[in-house]
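These notebook entries record what I looked up in one structure. I began with the terms and then went through the residues one by one.

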Amino acid sequence: MIDRADDDRRLGNMGTLRYGNEALELEDRTLAHVQMVVVSKLRKGEAFLLSWTIDPAHGSGRYAIWIETGVPIVFRFTGSRPVALNRTWLQAMLDRTYTPAGLELMPETDYPELSADN
């Protein structure tokens with residue numbers, strides 16, 4: 001049996017999240033999860049902080065953007081098929097949007113809430 005989640009990680013297609021003038025390159029699998037969280041929050045009219053660490057190969061530091069309605073947002077996937085979604089990861093990401101630190105993007109395996117799923 002083929003595990004689509006493992007297949008998605010192995011393919012490593014890189015998509016782009018565009019928010020206003022900012023662009024963030026993410027693996028399609030991560031981008032699909034971020035898209036679900038963003039759409040869920042914005043449908044409810046809930047703004048939140050989204051942050052990520054800049055890869056040392058591209059400089060260093062961190063970005064943080066305030067996600068709210070009214071700012072154009074585009075999710076561009078390079079893969080031709082939808083990725084398998086991990087509901088536990090989605091919930092962990094969504095839960096973090098309600099904290100003062102907001103949603104910090106990190107690899108799926110770095111979420112402590114998922115340790116039992118790995």
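I took helices (H or I, at least four residues) and strands (E, at least two) as DSSP runs, numbered from the N terminus. The model is predicted, so I noted that local features need pLDDT of at least 70 and side-chain atom pairs count only at pLDDT 80 or more, while totals for chains, interfaces and linings use all residues. Residues are numbered from 1 along each chain as its sequence is written, and side-chain values use heavy atoms, with hydrogens and water left out.

**Entry 1: alanine 23**

I located alanine 23 in strand S2 (residues 22–27). Alanine 23 is partly exposed at a relative accessible area of 43%; buried means under 20%, exposed over 50%, and partly exposed in between (1.4 Å probe, protein chains only). I then listed its contacts (heavy atoms within 4.5 Å). Apart from neighbours within four places in sequence, alanine 23 is in contact with Thr16, Leu17 and Arg18. I also checked isoleucine 73, 50 residues away along the chain: its C-alpha atom and that of alanine 23 are separated by 9.7 Å.

**Entry 2: strand pairing**

I counted two strands as paired if DSSP finds at least two bridges between them. S3 and S4 pair in the antiparallel sense over six bridges, and tryptophan 52 has tyrosine 63 in S4 as its bridge partner. S3 also pairs with strand S6 (residues 103–104), in the parallel sense and over two bridges. There, serine 51 has glutamate 104 in S6 as its bridge partner.

**Entry 3: aromatic rings**

I searched for rings of Phe, Tyr and Trp (its six-membered ring) with centres within 6.5 Å, where planes under 30 degrees apart count as stacked, over 60 as edge-to-face and the rest as tilted. The search gave one aromatic pair. The rings of tryptophan 52 and tyrosine 63 have centres 5.3 Å apart and planes at 20°, so I recorded the pair as stacked. Because tryptophan 52 lies in S3 (residues 48–53) and tyrosine 63 in S4 (residues 62–67), the pair ties together parts eleven residues apart in sequence. Tryptophan 52 is buried at 8% relative accessible area, whereas tyrosine 63 is partly exposed at 35%.

**Entry 4: lysine 41**

I found lysine 41 in helix H2 (residues 28–43). Where does its charged end sit? It sits over the ring of tyrosine 98, 3.6 Å from the ring centre; the rule asks for NZ of Lys or CZ of Arg within 6 Å of the centre and within 35 degrees of the ring normal. Lysine 41 is buried, at 1% relative accessibility. Leaving out residues up to four places away in sequence, lysine 41 touches Glu46, Ala47, Phe48, Leu94, Thr97 and Tyr98.
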